[in-house]
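Work through the exercises below with the sequence and the structure open beside you. Try each task on your own before you read its solution.

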Amino acid sequence: MKVAITSTGNTLESTLDQRFGRCSFFVIYDTDNQSVAYIPNPNKEISEGAGPASVQILAENGVHKIVSGDFGLKVKPLLDSLKIQMIVVKDVQKKVSEIIQSLSH
Amino acid sequence: MIIIFAVNKCSIDMSPRIKRIRKVVNPPSVKGFKPFGIQDKKGSTEAVNVLTEEYEALRLCDYKMYSQYDASVMMGVSRPTFTRIYASALRKIAIAFVEGRQIDIEGGKIYFDSDWYKCSECHCFFNNPEKDLALTHCPLCGSAHFHRNEEVGLYEPADSEVSEDICVCVGCHYEQRHRHGNPCKQQRCPQCGNIMQRKK
């Protein structure tokens, strides 16, 4: 199963990005074969509709869960209808590697 | 004279208060209803538009049998506002029944929200996208210790018009988030029982 994590950089030591639509990178972690892929977010500088555009990118990648700091009002109903689980982590200091570690419980 | 002037000035300068966004758990399973066997062909055939929030009010109150106060908390509006929404729903349905008109369920200032849970070990929030299946463990850390996030306003979307006001206890300075429609002065501190007031 694929999990998307919003990240501030393209390393495992980067911290979790608290924004969903305008995060710097999406880290796609596959729980089945422990592979990690980084997708730079093309919607970072977009003025409107960044959330739904980001959802489309992740849905095309077949993501089932998304870990982020917050989800906007347009994104929530969209993810609900796509049956993608939202996980909200309010800890700003949390690193991507720590999240991946807790995901492989 | 001064009062009249003040009222006039207010009505020019101030726009009406923004409607709070109503939470709706699930979209309705149908888009509307149609009457059959219409006897009186002369009546109006225009459809009655029931808003999604009115459908939700009716569902919570009369289908799920919650009290109006509980239902208002679930929809994120004050109790009097909930009663207004509910009354409007009944009125529209009555019009449709009596006049034999079609009902359309659409529109309204709403957003769809699923149930949110909080994990006791990693303190993350998560929702349940598969509403028919019960969750067994936290999706992040795998812990079985999680509970339904009942507290209103604990996890709110960042860009909604959520009240940022905080009620503070005059005695022990205990703080809690202000809930829309509940005057602070009528609240009691859960820790020492003193009255609360709005934090300046």
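**Exercises on two chains**

Chain A has three helices and five strands, where helices (H or I, at least four residues) and strands (E, at least two) are DSSP runs, numbered from the N terminus. This is a predicted model, in which local features need pLDDT of at least 70 and side-chain atom pairs count only at pLDDT 80 or more, while totals for chains, interfaces and linings use all residues. Residues are numbered from 1 along each chain as its sequence is written, chains are lettered from A and ligands numbered from 1 in the order in which they are written, and side-chain values use heavy atoms, with hydrogens and water left out.

**Exercise 1.** Find in which order the elements of chain A run from the N terminus on, and what share of the residues in chain A is buried.

*Solution.* Step one is to follow the chain from its N terminus, which gives the order β-β-β-α-β-α-β-α. Step two is to take the buried residues (under 20% relative accessible area, with exposed over 50% and partly exposed in between, for a 1.4 Å probe and protein chains only), and these make up 50% of the 105 residues in chain A.

**Exercise 2.** Describe how strands β2 and β3 of chain A are joined.

*Solution.* Begin with the pairing, for which DSSP must find at least two bridges between two strands: β2(A), residues 25-30, and β3(A), residues 35-40, run antiparallel and are joined by six bridges.

**Exercise 3.** Which residues of helix α2 of chain A are buried, and what do they pack against?

*Solution.* In α2(A), which spans residues 75-82, the buried residues are A:V75, A:K76, A:L79 and A:D80. Seen down the helix axis, they fall within an arc of 130 degrees, so they line one face of α2(A); the arc is that of the directions from the helix axis to the C-beta atoms. An α-helix has 3.6 residues a turn, so residues three or four places apart point the same way. The buried residues of α2(A) pack against elements of both chains, including α1 (50-60) of chain A and β6 (116-119) of chain B.

**Exercise 4.** What is the phi of A:K83, and where does A:K83 lie?

*Solution.* A:K83 has a positive phi of about 60 degrees although it is not a glycine, and its place is in the loop between α2 and β5 of chain A. With a relative accessibility of 43%, A:K83 counts as partly exposed.

**Exercise 5.** At what angle do helices α3 and α4 of chain B cross, and which residues make the contact?

*Solution.* The axes, which are lines fitted to C-alpha atoms over the stretch in contact, with angles from 0 to 180 degrees between N-to-C directions, come within 9 Å and cross at roughly 95 degrees. Angles of 65 to 115 degrees count as roughly perpendicular, under 35 as roughly parallel, over 145 as roughly antiparallel and the rest as oblique, and α3(B) and α4(B) are therefore roughly perpendicular to each other. The contact (heavy atoms within 4.5 Å) involves several residues, among them B:Y69 and B:M75 of α3(B) and B:F82 and B:Y86 of α4(B).
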